[in-house]
Amino acid sequence: MSTSETPGSAFFLRHEFGIRRLHSLLGIVPLGLYMVVHLTTNASLLNAPETFQRAVYMIHSPGKLLPLIEWGLIFTPLIFHAVLGVWIARTGKINSGQYRYTNNKRYTWQRVTGFIALVYLFFHILHLHGWFHADLWLGAIRPIGFASFRPYNAASTLVDAMQGWVWPAFYLVGVLACVYHLANGLWTAGITWGLWISPAAQARATKLCTAIGILLAVIGVSAWWAAVSPGANDIAEMRKVEDRMYQSAVAAGMVDDNPEKRIEVETVDPGGASP
Ligand code: HEM
Ligand code: HEM
């Protein structure tokens, strides 16, 4: 029955029920939920740099606790889901039993977009966040163009990091792959959890997941466009807005005075009279 009798595949087959449910759950909460909020936050830049900066201040308000939240609620589930996904794709049986109504092409794309997401997210997080915020690590990767996002200069550092065409093209493919992966993943998750069993129920679920996918694609492409569009290129103007917001936010006690999260510390004038 099985093609390779490695200890890994024996373990997988014995615990397939639990592994698939854990994998599925992580894909929806927290990852799916995070992605919806994340893309919406980034799309807010379409309105104005102020709107985006306010959202980023709020996200960074946990201060020193933020790495704990990022690793506990985003990175660890992401790595777990990715490792289990690769394992399922390599070890699990294709389209057997519970998947008999599944459209084979969509099922293949689910796996293909999973692999695209793996490559995309590895480099996306390295590119903007950096993965780790230890000084030694940041000192090594920042000069080669990684960890380039600074939360207190949110719009300007994001737009700056998206110059040229390579990153924008990479992001467009990555975002669309993630959107497909989540929307189609919600459909297959409905099968994992026994929500839509009959062909009629599955046809209705297809319509629902397509609608979710289109909506998310619009939000995702808006986020992408906000970061790469030629209109978003007035970085100097954005920096002025960000400096002004930073000074008032620090004065009001809304953000901690953290130079690490800014691009140019020397532009801050504690007296408030920057030129
Ligand atoms: C980091 C790279 C990722 C990899 C390698 C990956 C891999 C996979 C694979 C291979 C599957 C299909 C499993 C099967 O054959 O049954 C899958 C399903 C799924 N993935 Fe991912 N994924 C990744 C990221 C994500 C992200 C970021 C999200 C959410 C935004 C997500 C949400 C889902 C959902 C909801 C499912 C459906 C689970 C089910 O059928 O019960 N995945 N993933
Ligand atoms: C145009 C699309 C996107 C833009 C402009 C964008 C922007 C950003 C920015 C600016 C950061 C750094 C945040 C920080 O360090 O505070 C970030 C981090 C991150 N992004 Fe994206 N992103 C996009 C698409 C996606 C997609 C589709 C996913 C899939 C789930 C994703 C997942 C993440 C994760 C996991 C992090 C690291 C955790 C964090 O810092 O919040 N991003 N992104």
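The largest nonpolar core holds 33 residues, of which Ala155, Cys178, Val179 and Ala227 touch the most other members. A nonpolar core here is a set of buried Ala, Val, Leu, Ile, Met, Phe, Trp, Tyr and Cys residues joined through C-beta atoms within 7 Å. A residue counts as buried if 20 or more other C-beta atoms lie within 10 Å of its own, as exposed if 12 or fewer do, and as partly exposed in between, with C-beta atoms placed from the backbone. Helix 2, helix 3 (49-59), helix 7, helix 8 and helix 9 each supply at least two residues of this core. Helix 8 gives the largest share, 10 residues. Ala155 touches Leu45, Pro49, Phe52, Gln53, Met238 and Glu242, leaving aside residues up to four places away in sequence. Contact means that the C-beta atoms of two residues, placed from the backbone, lie within 7 Å.

The model is predicted; local features need pLDDT of at least 70 and side-chain atom pairs pLDDT 80 or more, whereas totals for chains, interfaces and linings use all residues. Residues are numbered from 1 along each chain as its sequence is written, and chains are lettered from A and ligands numbered from 1 in the order in which they are written.

The chain contains 10 helices and zero strands. Helices (H or I, at least four residues) and strands (E, at least two) are DSSP runs, numbered from the N terminus. Buried residues account for 24% of the 275 residues in the chain. Of the contacts between residues at least 6 apart in sequence, 75% join residues at least 24 apart.

Ligand 1 has 29 residues around it, and Ser24, Gly27, Gly85, Gly114 and Gly185 come nearest. A residue is near a molecule or strand if its C-beta atom, placed from the backbone, lies within 6 Å of it. Helix 2 (16-43), helix 4 (66-91), helix 5 (104-129) and helix 8 (166-192) each contribute at least two residues to this shell. The largest share, eight residues, is from helix 8. By class, the shell around ligand 1 has 16 nonpolar residues, 12 polar and one charged. Nonpolar covers Ala, Val, Leu, Ile, Met, Phe, Trp, Tyr, Cys and Pro; charged covers Asp, Glu, Lys and Arg; the others, Gly among them, are polar.

Around ligand 2 there are 19 residues, with Met35, His129, Cys178, Ala223 and Trp224 nearest. Two or more residues of its shell come from each of helix 2, helix 4, helix 5, helix 8 and helix 9 (199-228). Here helix 5 gives the largest share, five residues. The shell around ligand 2 comprises 14 nonpolar, four polar and one charged residues.

Helix 5 has 26 residues and reaches 36 Å from its first C-alpha to its last, close to the 38 Å expected. The expected span is 1.5 Å times one less than the number of residues. Thr113, Gly114 and Ala117 are the buried residues of helix 5. Their cover includes helix 4 and helix 8.

Helix 8 has 27 residues and should span 39 Å; its end C-alpha atoms are 37 Å apart, which agrees. A kink of about 30° is centred on Leu186 in helix 8. The bend at a residue is the angle between axes fitted to the seven residues ending there and the seven starting there. Just after helix 8, Gly194 has a positive phi of about 70°.

Several backbone angles stand out. Most residues other than glycine have a negative phi, and most peptide bonds are trans. The peptide bond from Val29 to Pro30 is cis, with omega near 10°. Pro30 is found in helix 2. Trp131, not a glycine, has a positive phi of about 75°. Trp131 is found in the loop between helix 5 and helix 6 (135-141). Trp131 is partly exposed, with 15 other C-beta atoms within 10 Å. Phi of Ala147 is also positive, near 50°. Ala147 belongs to the loop between helix 6 and helix 7 (154-161). Ala147 is buried, because 22 other C-beta atoms lie within 10 Å.

Trp71 is found in helix 4. Trp71 is partly exposed, with 15 other C-beta atoms within 10 Å. Trp71 and Trp131 are 60 residues apart along the chain, and their C-alpha atoms are separated by 9.4 Å.
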